Amino acid sequence: MMKRITALVLAVVMLLSLSSIAMAAEYQAGTYTAEAQGNNGPVKVSVTFSDTRIEKVEVIEHAETESISAAPIADIPEAITTYQSLGVDTVSGATNTSNAILNAVADCVNQAGGDVEALKNVPVDAEEIPVLQSTTVDVLVVGGGGAGLSAALSAAQNGANVILVEKTGALGGNTFICGGAFNTYDPEGQSDIPMTEALGTTVEKVLAHEDVSEAHAALKAEVQKQWDEYKASGRTNLFDSPEWHALQTLDAGDYEGNVELVLALTSNTLDTLHWLSENGVEWSDEVSTVVGALWNRSHQTPNVSGADIVAALEKNARGNGVEIFLNSKAEQLITEDGKVTGAVVTNANGEQVSVMVNKGVILATGGFARNVEMREKYNTQWDYIGENLPSNNAMGATGDGIIMGEAVGANLVGMGWIQLMPLNTISGGGISGYVNSSMFFNQEGERFVAEDGRRDVLADAALKQTNQMFYVLCDAKEAELRGVSKQALDYMVANKMIYSGDTIAELAENINVPAETLEKSVAEFNELVKAGKPDEYGRTLWENTIEVGPFYAPAFSPAVHHTMGGLEINVDAEVLNADGQIIEGLYAAGEVTGGIHGTNRVGGNAVPDALTFGKIAGENAASK
């Protein structure tokens, strides 16, 4: 007891001493400015001091992604002035922006004659974070990415009381760090997109594929009927439908996807898009094509960030009573007579607790792109998939839900198919994932692939280039169309995150590419854009020429991006065993599942997959 009292006294004395340091702070009164490096460029702050206090902190200039930077820009200056401290926590998911603000404020403190180290040691009264304890709930959601948040919100909106556990210290998972692309048929959004001759050849080619099953034949017959009606109508805007989206998805996955599941996805994506809008997600007006999307149906958040989606889902989930516990890892499922009745969870204090459910457990833990052992165990697609091949996934994508599901008898499907993302930046910067106006070229200055092709085809082609890398060419006109500011571009160029030149020849010189060859490649590309017909590589999507300097070229090399295999589910997001029977009380959504994408996932299909089946899982679990 004496030791505990002594420790408490010492802690109080230390806090009082630190508070005294803050109280005794002396500054040269005035307003000072400084900047520090953030994600996309310098973050500039203005700090006003009295003789004894930091009176005001304001971020006055930045090029950060708004959806990611909004929280630290609002919260950190307020915390610094409230606590007179530089020891405030960074905002999870926005560490670089947070540190930029803190470093710039520290610079201002130095300018004003203050003691930076002392301010870093001033304690901050952090809000007490609730820790999960053993309890019973209607629905337990395991995983706090897009699928989990969608499932939790959906279940809560359908009357269930819900707990969501996330093993990391932040919500969002892969959805948070993705570009926010969402593929869906959308008559209103696609109304102004022209239907070209080249796009027509794509439809005809897919319709000409031999039947692989009765379900595929039926789907193909429906699309053929729609295509014939479209041609007879005289319409000139884009042809699309949920069935055509489904047929393209099956074709892109080499017909290994489950037709029923794929149709369940594409028939519900527009409803999910509208549901997201109703819950605060905003979308850009333009519908385009992200890399590997194959068709003009990619909807995009204004900031080209899945963080927008995560923020809206989190806000509405909490608003609908969902309890969210971070740093809380589900370890195993609890079953009784073959029914899933709960899960064992290690809470934020490291204690194992049990969460029992009245209705069901929803697994939404993502794939296994970050689990090298699982990649090597299951891969049947690539010559090499080991630790030297990087992944651009969130760190939590380690296959936990697949392992837990398999332990209670869940069937695994499609585990050997692993997607590489060709557009994985190796220079540190980029402009966007849109392919409509982009040209890929290698170190020899030559195009080498149809840029609008499947991701596995693009990745395979990229791995065959010199140094297994390539560049994506973009001009100033396209950068402006994609909403990239001149300030952000200048910062990325200055820090060699992207390469630039006022002319194609100057760009070529800066990246040691033969200028004559690159100029010839660009000239040929521009002629192909004007013709709008398939080229020698089979490209059919064309939009803008590349003519307005300065010209920009980020560098890319493939990385492990998406694992197509996982738990087998039905159209109601219920998990199935090896006999095709429902495992009562167990649901799954997102990349933890398998059977939808086949050998290759269409770019822009992952977010609607996660959110649509998350929504379905939540609805169905709540109704039990």
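Arg297 is buried, with a relative accessible area of 1%, where buried denotes under 20% relative accessible area, exposed over 50% and partly exposed the range in between (1.4 Å probe, protein chains only). The model is a predicted one, in which local features need pLDDT of at least 70 and side-chain atom pairs count only at pLDDT 80 or more, whereas totals for chains, interfaces and linings use all residues. Residues are numbered from 1 along each chain as its sequence is written, and side-chain values use heavy atoms, with hydrogens and water left out.

Arg297 forms a salt bridge (a side-chain nitrogen of Lys or Arg within 4 Å of a carboxyl oxygen of Asp or Glu) with Asp240, the closest N and O atoms being 2.7 Å apart. The two partners lie 57 residues apart, Asp240 in the loop between helix 8 (214–233) and helix 9 (242–252) and Arg297 in the loop between helix 11 (269–278) and strand 7 (298–299); helices (H or I, at least four residues) and strands (E, at least two) are DSSP runs, numbered from the N terminus. Asp240 is likewise buried, at 10% relative accessible area.

Another salt bridge pairs Lys615 with Asp271, with closest N and O atoms 3.1 Å apart, and joins helix 20 to helix 11 across 344 residues. Here Lys615 is buried at 11%, while Asp271 is partly exposed at 41%.
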